[in-house]
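Open the model in your viewer and keep the selection tool at hand. This tour goes stop by stop.

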Amino acid sequence: MKPSNPRFSQVPAIFLCLFMIGCSPSDQPEPSVQNAVEPAPAAEPAADDLETSVARMAAIGYSYGGSYSPDAKQIVFVSSGAGVPQVWRAVTDGVGLVQVTTFDDPVGGVLWSPAGEHLAVSVAPGGGLNTQIFLVPAQGGEPIQITEGGQVNNWLNEWSRDGRYLAYSSNAAGNGGMDCWLYDTESGAARMIAITDGIGSCQLSPDAQRAVVWRMQSRGNTNMYLLDLATSSEQLLTPHVGLALSNQAEFVNNDTLLLSTNIDREFVALARIDIAADGTPGPVNYIAGRDDADLDSFEMLADGKIALMWDAAGRSELAYLDLASGEVTAGPELPTEIAGGMDASPDRTMLTLSLSGSASPTNVWQLDTSSGVFTQISDSAHEGVDLDTLVRPELMTYTAHDGLELSGWLYRARVTGSTEGAPPMVLNFHGGPEGQ
C-alpha cells in the first residue's frame, strides 16, 4: 500500500519513454479505441526542425487511473485531453466519452464509490503538493471539499467496500507525517485512525473493522501493521531484519491477507497472512514469486484467481495465480511495455490498466480476463508526432566487474545517409537502491 501505487494515492504514473528516432515498431494488436481528444491537423515540421519536434514530444498527452462504476458499465479516469488534467468518463464498450470535472487546478486521481453516488477526486491547487479531496456527484453536481485546504496535503487511498468510508492519508494533524484518516459519508466527519512518523496509507477489511497500515521506515524499508479500528491496537505484520520492502496489501476476506514483499528474498513476491480468531496474524507465507522479476502489483479476480503484474528488467508481464492449486499461468501479452494502475471491475472479470511504452503515450485500457482481449478506452493526444517512427528498445545484458549480471534497454538510432564513426550516445544509469 505504498503511496506511489496508483491504486491508493492516484499519483500520476506517466511512463512516456518516447523518442523521435529509431527502428520500426513491432506488431501490436488493434484495440477498439474511443478518442478522448481530437487533435487538430497540423503541418509537419521540417525534418531538421529539432526544436519543433521536441516541443511536440513534450506536449504528448496522457490518461491514467481507471475506476469502474458499481455496474461496471462505465470507467472514470484522469486525462490531460482538456489541457489541465481532469476526470473523464467512458462507457466500457468503447462508445461515448465525457469530461466530468472542470476544476481550474489539475486532478491527480479519481475513485468511483462502490455505492455509486460519488467520485472521490484529488485536486492539486496550483499544481502544487497541497492536494485536496473532493466528493463529486457521479451524475453531476457541485463538488464538495472534504479536506481542510490550506497547507494540508492529502492522498486518496480507497473506499470501503460498502462505499460508506473513504480512507486517505493526510498531514492535517500537524505532526509532520502522512497519517491515516477515514471520512464517513453518512456523518460527514473525518477522524484519524493511525499516526505515522513519515509516509503512510491504509487498506480496509471488507467489514471495515480492521485496516492494514503501510509505513515507510526509511527509503527502501517499509512495514505493514494490522490495525483494530475499535481499539486502535496495532500488530506488526512484516517483521524483518535489515531492509525489506512490503508494497501492497489486499484483504481476500476479513481473516486473510495477501501482500507483496521481499522479506528474506531478493525479489518482491506474493505472500499470504492468515488472521486467527483472536485477531493475531500468522507468519508471512510466500505463494508466488520469481527469481528474475519483482511483483509490481496484484489484483483479485473472480473464481479464486489473482492477476500478477511482474516487473521483469523494467518491462511489465502479466500472469494469473490460481489460489486453490497454486498454479501460475502466463497472461496475455500486453499491448505496451509498461503497465500500472491495475484495478478490477466489481464482478472481478475485467481489469483497467494504465499502459504506456516507448512508442505509446499513457492510456487507459480494459482487459477481459476470460477472453484476453484488450480494449483501449482513452486516446491521448500526440499532435504532430508519428508514433510509428519512435524507437522501441531491445534488452541487453552485460557483466559488471564483480561478475554480477546487469541489464539495460538499448535504443538504436536510425542512421540516414553516410556517417563517419559511431553516432552520439546517451547513457542513463538507474538502479534504485530499493528496486529495479
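Which residue lies over the face of Tyr225? Select Tyr225 and look above the ring: Arg215 lies over its face, at 4.8 Å from the ring centre. A charge counts as sitting over a ring if NZ of Lys or CZ of Arg is within 6 Å of the ring centre and within 35 degrees of the ring normal.

Before moving on, a word on the model. It is predicted, so local features need pLDDT of at least 70 and side-chain atom pairs count only at pLDDT 80 or more, while totals for chains, interfaces and linings use all residues. Residues are numbered from 1 along each chain as its sequence is written, and side-chain values use heavy atoms, with hydrogens and water left out.

Now select Arg265 and Tyr286. The charged end of Arg265 sits over the ring of Tyr286, 5.4 Å from its centre.

**Next stop: strand S18**

Select residues 256–261, which make up strand S18. Strands here are DSSP runs (E, at least two residues), numbered from the N terminus. Is S18 buried or exposed? Six of its six residues are buried, so the strand is largely enclosed by the rest of the structure. Buried means under 20% relative accessible area, with exposed over 50% and partly exposed in between (1.4 Å probe, protein chains only). Show the side chains. Thr256, Leu258 and Ser260 point one way, and Leu257, Leu259 and Thr261 point the other way.

Two strands pair if DSSP finds at least two bridges between them. A hairpin of two residues links S17 to S18. Find Ser246: it stands opposite Thr261.

Move to S10 (residues 165–170) and S11 (residues 179–184), which are joined by six bridges. Leu166 in this stretch stands opposite Tyr183.

**Next stop: aromatic pairs**

Rings of Phe, Tyr and Trp (its six-membered ring) pair if their centres lie within 6.5 Å; planes under 30 degrees apart count as stacked, over 60 as edge-to-face and the rest as tilted. How many aromatic pairs are there by this rule? The count comes to four.

Select Phe103 and Phe134. They form a tilted pair, 5.0 Å centre to centre with 50° between the planes. Phe103 lies in the loop between S4 and S5 and Phe134 in S7, so the pair ties together parts that are 31 residues apart in sequence. Both are buried.

Select Tyr168 and Trp181. Their ring centres are 6.3 Å apart and their planes at 25°, so this pair is stacked. Tyr168 is in S10 and Trp181 in S11, so the pair ties together parts that are 13 residues apart in sequence. Tyr168 and Trp181 are buried.

**Last stop: the sheet S5-S6-S7-S8**

Here is another open sheet of four strands, with antiparallel pairing. Select residues 118–123 for S6, which pairs with S7 over six bridges. Finish at His118, which stands opposite Pro137 in S7.
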